[in-house]
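Work through the following exercises with the model at hand. Each task is followed by a solution in steps.

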Amino acid sequence: MTRAPDNLLDLRRLLLTHLDNAPGPDDLDPAEVGIVGDPAHRGGYHCGSDRVVPNDYSVVESPRDRSGLTLDAAAIDVGEFDVRSGGGRHTLPSFSVWCVGQCVANAADTRDIREIIYSPDGTTVKRWDRLGKRTTGDSSHRWHTHFSFFRDAIKAGRDQRPLFRRYLSSIGLLEDDDMTPEEHNWLATVHKNLTVLDGRNPIGQIYTRLAEGRDDTGAPVAGNWNLQAMTKQLTDLQTTLKALAGKDFTDEEAIVAGVLAGLTPEEIAAAIPPTIAKQVADELARRLVA
């Protein structure tokens with residue numbers, strides 16, 4: 001029977017964690033966030049393979065849906081809310097309009113969304129459709145917004161929370177560290193390899209401290225720790241370069257040695273771009289055992 005997939009359950013939990021019991025006259029109730037259609041529901045993205053109908057639009061209109069059809073539902077409905085945060089008022093219509101704007105701009109974290117059926121004012125019902133097939137929906141979308149996801153993305157288990165995290169961050173209900181799950185993963189890899197290579201506790205704690213939002217002394221930091229860390233690294237590098245400016249180095253190796261001598265292992269690791277961090281760590285590990 002049609003089931004709720006883990007990635008949409010994760011999205012549901014994210015929304016309820018931050019919008020249920022949020023300050024304001026009307027928070028988001030659990031009963032207002034649904035994934036699987038009721039037993040009578042047939043056809044559409046709220047249904048899995050056991051409930052689709054012949055020529056179901058949620059299957060036949062895109063190869064992404066045809067190849068991704070499983071028992072999993074591929075949609076989520078979000079009900080009405082009216083909350084106060086970050087000095088502003090935030091409602092279902094304003095949330096919906098924001099999400100549609102991100103889709104229109106083709107933001108990277110929207111590309112698994114097939115359609116959004118919503119009301120910008122609580123009266124008119126509109127539909128944003130990535131395939132350009134439809135422009136409206138039924139009147140129930142005046143009080144709830146429907147998000148459909150391409151079925152192949154649901155089948156692949158792809159995380160659908162980043163767009164919604166950005167929304168919650170933009171209204172002040174979620175502190176955003178500006179890092180994607182992929183960036184956290186590569187940092188974890190660097191942390192693991194550097195701990196093995198260096199063998200000292202401080203390096204082994206770098207990633208843990210950053211992930212917990214603490215500075216290099218272990219003290220909590222407010223705001224964007226990522227920006228703070230980058231600023232410190234740039235300042236330290238600038239200081240090192242100024243110290244080297246008056247010296248006469250005759251070859252590249254001497255220059256590199258001089259720059260590296262002024263940097264800590266932590267600063268060197270933090271400065272490695274994500275695109276080459278794993279390659280550097282792997283090469284260092286290879287040399288260590290050679």
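**Exercise 1.** Find the bridge partner of isoleucine 117 in S6.

Solution. The partner in S6 is arginine 127. Strand S5 (residues 113–118) and S6 run antiparallel and are joined by four bridges; strands pair if DSSP finds at least two bridges between them. Helices (H or I, at least four residues) and strands (E, at least two) are DSSP runs, numbered from the N terminus. This is a predicted model, in which local features need pLDDT of at least 70, side-chain atom pairs count only at pLDDT 80 or more, and totals for chains, interfaces and linings use all residues. Residues are numbered from 1 along each chain as its sequence is written, and side-chain values use heavy atoms, without hydrogens and water.

**Exercise 2.** State the strand order of the open sheet.

Solution. The order of the five strands is S1-S2-S7-S5-S6, with antiparallel pairing. S1 and strand S6 (126–129) are the edge strands, each pairing on one side only.

**Exercise 3.** Check the length of helix H1 (residues 6–19).

Solution. The expected span is 1.5 Å times one less than the number of residues. For 14 residues this should be 20 Å, and the end C-alpha atoms are 20 Å apart, so the two agree. After H1 comes asparagine 21, with a positive phi near 65°.

**Exercise 4.** Identify the residues that make the contact (heavy atoms within 4.5 Å) of H1 with H6.

Solution. H1 contributes Leu11, Leu14, Leu15, His18 and Leu19, and H6 contributes Phe164, Arg165 and Leu168.
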